[in-house]
Amino acid sequence: MTTFLEPSSFFQVRPSSVRAFSTSFRSYVVCCANGNPSTVVLPGSSRDLESHERKVVRLGLPSKGRMADETLSLLKNCQLSVRQLNPRQYVADIPQLSNLEVWFQRPKDIVHKIQSGDLDLGIVGFDTVCECGQGNDDLIVVHEALGFGACRLSIAIPKYGIFENVNSLGELAKMPQWAKDRPLRIETGFSYLGNKFFKEKGFEHVRFQRSEGALEAYPAMGTTDAILDLVSSGTTLRENNLKEIEDGVVLESQAVLVASRRSLNMRKGALEITHEILERLEAHLRAIGVVTVVANMRGNSAEEVAERVLSQPSLSGLQGPTVSPVFRSRDGKVVADFFAIVICVPQKELYKSVQQLRSIGGSGVLVSDLTYIFEEETPRWRRLLSELGL
Ligand SMILES: Nc1ncnc2c1ncn2[C@@H]1O[C@H](COP(=O)(O)OP(=O)(O)OP(=O)(O)O)[C@@H](O)[C@H]1O
Ligand SMILES: O=P(O)(O)OC[C@H]1O[C@H](OP(=O)(O)OP(=O)(O)O)[C@H](O)[C@@H]1O
Ligand SMILES: [Mg+2]
């Protein structure tokens, strides 16, 4: 008999050798109250009797919320599409990466589960890593700029009433209203970071009140003086008659790839998988906004053409131009009096680059989008190895 049970509902557990339908689930033979043996299937976790033996590497991705879709599309753009048969299924895989499971979780839970050893890697906002990680040394940010989810954790106060002329943190601190028995009340879901910030700033009379969502409504309700929340466009603050203040940004955030130091050091395959994910992420992110420009140019030698190209400030490319001879047949002879040059330029500088190419004799200019730029070695990989002491 096979049953799914909450961990609290079984008594005596003896791991059986059977591995259930996924490497993430294990079956156990349990002795029930009536003395009969029964098989139960439990997700593998740090509470799992065999968690240290877990062979498969686990990546946590946001199950819902504003980051979920962008995380999946980033991975897809890195040719790491997540295969999820049904949106309500919380375990999935990435066919390109064998030995990896994807677990969909809420962002906060991803950080908690990396710390507890239930996950090895995750993609979440930097704000969540800092708030839920609380400086835990086991958490390592492997890639700190995944290019989406940009926001800031910022203090905001009402535009009206006693705050009308208050526009900076210094002015907020100097307000005569705050006292030991009447502290500045700040509503936030980020009380760890808030406490740390205000302590560092030497703010004395402050009290954090914990709430999760729609905090912008609280000052008008009169239950708080200020809020500390994420801001990106500023629309929510504006619509609720609130304003940010000078020096009031606690943290700048965007999506990051985070890992457990312990997993990278101990779990077989975790470091290799992290390397591959990192390389693909970097190659894709580096290529965003960069285009390849190919042009033909008359010249006597590759060196002479290269010199002409390098004389122009917007044409140096990633590592200088590639110059190759274009062979043509003329009067029965093979000649190379034309050269093809290939450079990569930022999209924003494209038109300037084309003008500069023309000014030195370039013609037939072709422009195409770049998909990936793989460097010899990713700088973040070096940094990670050194952080791990490898
Ligand atoms: N306004 C915003 N603009 C850009 N990114 C944001 C914004 N608000 C939040 N984020 C980023 O998205 C992440 C997830 O936010 P989201 O609101 O989806 O989940 P959550 O509020 O942390 O989780 P839950 O709703 O499950 O409690 C945040 O941690 C932050 O990094
Ligand atoms: O500056 P803006 O672009 O207006 O964005 C800011 C809002 O976005 C986030 O909330 P979210 O939409 O995630 O809702 P939530 O409170 O349910 O998490 C954040 O908590 C702010 O309320
Ligand atoms: Mg939110």
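The legends below describe close-up views of one predicted protein model.

Residues are numbered from 1 along each chain as its sequence is written, while chains are lettered from A and ligands numbered from 1 in the order in which they are written. Because the model is predicted, local features need pLDDT of at least 70 and side-chain atom pairs count only at pLDDT 80 or more, whereas totals for chains, interfaces and linings use all residues; side-chain values use heavy atoms, with hydrogens and water left out.

View 1. Helices (H or I, at least four residues) and strands (E, at least two) are DSSP runs, numbered from the N terminus. Of the 390 residues, 46% are buried, where buried means under 20% relative accessible area, exposed over 50%, and partly exposed in between (1.4 Å probe, protein chains only). The chain exposes about 20,900 Å², of which carbon and sulfur atoms supply 51%; such areas come from the Shrake-Rupley method with a 1.4 Å probe, and for residues only the protein chains shown count as cover. Among contacts (heavy atoms within 4.5 Å) between residues at least 6 apart in sequence, 68% join residues at least 24 apart.

**View 2. An open sheet of 5 strands, with mixed pairing, has the order 12-11-13-10-14.** Strands of a sheet pair through backbone hydrogen bonds, either parallel or antiparallel, and here two strands are said to pair if DSSP finds at least two bridges between them. Strand 12 (206–210) and strand 14 (242–253) are the edge strands, each pairing on one side only. Neighbouring strands of the sheet are turned by 30° against each other on average, direction ignored; axes are lines fitted to C-alpha atoms, for helices over the stretch in contact, and angles run from 0 to 180 degrees between N-to-C directions. Strand 11 (residues 184–188) and strand 13 (residues 226–231) run parallel and are joined by 3 bridges, with Ile-186 standing opposite Ala-226 in strand 13. Helix 3 (residues 126–133) packs on this sheet, touching strand 12, strand 13 and strand 14, and its direction makes about 80° with that of strand 14. Helix 5 (residues 191–200) lies across strand 10 (151–158), strand 11, strand 12, strand 13 and strand 14, and runs at about 170° to strand 12.

**View 3. Among the 5 aromatic pairs found in the whole structure is that of Phe-197 and Phe-198.** Rings of Phe, Tyr and Trp (its six-membered ring) pair if their centres lie within 6.5 Å, and planes under 30 degrees apart count as stacked, over 60 as edge-to-face and the rest as tilted. The ring centres of Phe-197 and Phe-198 are 5.6 Å apart and the planes lie at 75°, so this pair is edge-to-face. Phe-197 counts as buried at 8% relative accessibility, and Phe-198 counts as buried at 1%. Ring pairs link Phe-197, Phe-198, Phe-203 and Phe-208 into a cluster.

**View 4. Tyr-372 and Phe-374 form a tilted aromatic pair.** Their rings are 6.0 Å centre to centre, with 35° between the planes. Tyr-372 is partly exposed, with a relative accessible area of 24%, whereas Phe-374 counts as exposed at 51%.

**View 5. Strand 15 (residues 255–260) is mostly covered, with 6 of its 6 residues buried.** Ala-255, Leu-257 and Ala-259 are buried on one side, and Val-256, Val-258 and Ser-260 are buried on the other, so that both faces are covered. Strand 8 (residues 121–125) pairs with strand 15 in the antiparallel sense over 5 bridges, and Gly-125 stands opposite Ala-255. Strand 9 (residues 139–143) also runs antiparallel to strand 15, joined by 4 bridges, and the bridge partner of Leu-139 is Ser-260.

**View 6. Helix 11 (residues 350–359) has the buried residues Ser-353, Val-354, Gln-356 and Leu-357.** These residues cover an arc of only 165° around the axis, which puts them on the same side of helix 11; the arc is that of the directions from the helix axis to the C-beta atoms. On the other side, Tyr-351, Arg-358 and Ser-359 are exposed. The buried residues pack against strand 16 (290–298), strand 18 (333–346) and strand 19 (362–369).

**View 7. In helix 12 (residues 379–387), Arg-380, Trp-381, Leu-384 and Leu-385 are buried.** Seen down the axis, these buried residues fall within an arc of 140°, so they line one face of the helix, while Pro-379 and Ser-386 are exposed on the other side. Their cover includes strand 9, helix 8 (261–266) and helix 9 (270–287).
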